[in-house]
Amino acid sequence: MTQRSTSQSAQRPLDVICLGRAAVDLYSEQVGSRLEDVSSFAKYLGGSSANIAYGTARLGLKSAMLTRVGDEHMGRFVREELSRAGVDVSHVVTDPERLTGLVILGIKDKDTFPLIFYRNDCADMALSPEDFTPEFIASSKALLITGTHFSTPGTYKSSRTAMDYARQSGTRIILDIDYRPVLWGLTGPGEGENRFVSSATVTEHLQSILPDLDLIVGTEEEVHIAGGSEDTLTALRRIRQLTDATIVLKLGPQGCTVLEGDIPDSISDFEVHRGVQVDVLNVLGAGDAFMSGFLRGWISDESPERCCAYANACGALVVSRHACAPAIPDAKELDDYLSRAASIARPDQDGHLNRMHRVAGRRRSNWKDIYGLAFDHRKQLFDMARETGADPQRIKHLKMLLIQAAEQGAVRGGVAQQVGVLIDDTYGQDALNEVTGRGWWIGRPVELPSSVPLELEGGRSIGSRLRHWPIDHIVKCLVFYHPDQPVALRLQQERQVSELYQACMASGHELLLELIPPQDMSQDDMTLPRALQRFYNLGVFPDWWKLPAPSRTTWQHLTALIAERDPSCHGVVLLGLDAPLADLKREFNHSAGFDICRGFTVGRTLFGVPSRAWLANEIDDEMLIRQVSDNYLELIQCWQARNANDSLTVEV
């Protein structure tokens, strides 16, 4: 056959359609344990085709997923994870009768990875030719199918139909052999880690599709099953008899080779594209990362050397990390790694690389202005309750009412998609539970109120606390900090913040660092920029900063500093410090025109007076909600009307 060129499909909207498995991976968190002894798991996107769709999207390709998921929580998770990465999910079909597949994996040692596939009549194996059209397949430059979707009559028919559409439209066809004997019914269900069982039936199945392929990718064991021989050269020669496709043979830590035309006489004649050597944590999913990287180059007709460099580097990064899909780099991270890979034996311990990966994997990066109502106050509300003779337990209900006030004010102000809240878990756990999952910007404090030096609630083991937090909760930490504080105090606070940052890096939570210089220390236009620079120098890169409203001169310095040291920072939100509304309006004007300022999170200015009256039983629930909502709306409108000229006039 003659390979189809991308020149035939250069104007197509999609680069690759990935047909096949889409599942949920549950990875053991106890590395070294038998799977029998594992006590907790981390949940990730899984399934080879879904991983490749995810990986290619992160690497800049326009990818789409063609599969089915269940009409349940795991199916929605798969769809949302793919969409979040930029994958076209228009052909992720919801199956009302079947569940999304699950895989449970353990990491015993560098060579032992027990896994169990829970795929009995799962949704993705019910893919039907009715789920897609010739036009959809023709909209892509390439179609990728994995071997598992030739293992049953139904999936074989669906895959062959997609291939027929691809041949008719000039869409190139890729096979990831992805041989899992257990999924062909060749082993017991508990032998998911078994990578090779000889089977003439599987070989016959695979060989029936080889003539229609443009690219074949597999390990030596996978080439053996496709070629019908456990001798690699013999298997390759049989494959070549059936197809002119490019063959990419993965050679594990050695790298890979790309075979065009005749198969060499000896393995020693292979041109091996060597990968970088890294310490292995987990090889599971490395093949999907490899394929994602290879396709980054192959879709664009880059050289085999470049395609293999991408592929080997992606595989190396993933084997050094815990997950599969979330461990795949984006294009920026991959290029950075390739520029210095020889010097990075442990990618998982490289601070710059990890920060790039963390930023690329953020669950949401498109925040507009944040209109935040902050009621994470604990000490202040406790004191207010005591002063009014109220039971402090009423604070819990108060915080539920403040949610309603925030919701109503945001709707009235036309910013319902930009609501922010700061809520504690001391009195606000019910409130946190209520707002989680709404798409709100949610900050949650960890500092012991008013502590100087900084101490964290619940002691030093912040990592154990974060394990139980929803991932979309932003870790908020207030520290009373000045770069000219006494050295011992400053170092103690900096150590605590650094430890908190590392805990957030490990847990995946975003960090908001709130800095308030003590009132008894002198301040000028450089106090805040110097404070931020100090933390950057310490290797602390918060996702957000929360600061007192500074002057326009300070804004200029902050903008330049953040752009230089951490351009991936979401930005700065302003605090209120119980200032009168009129003062906040003036201070808001200072920020006009500075894009690094992303909004406000203001508290007592908005809820202080109404809350005191409510605790004293002077107003009812409805009146509290109305008054706070009115104050919140007024501040929203003030923010939207910011004007730099007004601030200059006031300052003069």
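Mentor: Please keep in mind that this is a predicted model, in which local features need pLDDT of at least 70, side-chain atom pairs count only at pLDDT 80 or more, and totals for chains, interfaces and linings use all residues. Residues are numbered from 1 along each chain as its sequence is written, and side-chain values use heavy atoms, with hydrogens and water left out.

Trainee: What makes the protein chain as compact as a globular protein of its length?
Mentor: The secondary structure of the chain comes to 22 helices and 21 strands, where helices (H or I, at least four residues) and strands (E, at least two) are DSSP runs numbered from the N terminus. Its radius of gyration is 28 Å, close to the 26 Å that the globule rule gives for 652 residues, so the chain is as compact as a globular protein of that length. That radius is taken over C-alpha atoms, and the rule is 2.2 Å times the number of residues to the power 0.38. Along its principal axes, the C-alpha trace spans about 85 × 50 × 50 Å.

Trainee: Why is C569 called buried?
Mentor: Buried means under 20% relative accessible area, exposed over 50%, and partly exposed in between, with a 1.4 Å probe and protein chains only. C569 has a relative accessible area of 8%, so the residue counts as buried. C597, at 3% relative accessibility, is therefore buried as well. Of the 652 residues in the protein chain, 58% count as buried.

Trainee: How do you know that C569 is in no disulfide?
Mentor: A disulfide is a pair of cysteine sulfur atoms within 2.5 Å, and a search of the whole structure finds 0 of them. For C569 the nearest cysteine sulfur, that of C597, is 11 Å away, and C569 is in no disulfide.

Trainee: What makes β6 and strand β7 a pair?
Mentor: Two strands pair if DSSP finds at least two bridges between them. β6 and β7 (residues 115-118) have 4 bridges and pair in the antiparallel sense, with L115 in β7 as the bridge partner of L105.

Trainee: Which strand does β6 run parallel to?
Mentor: That is strand β2 (residues 23-28), joined to β6 by 5 bridges, and the partner of A23 in β6 is G101.

Trainee: Why is β6 called mostly covered?
Mentor: In strand β6 (residues 101-105), 4 of its 5 residues are buried.
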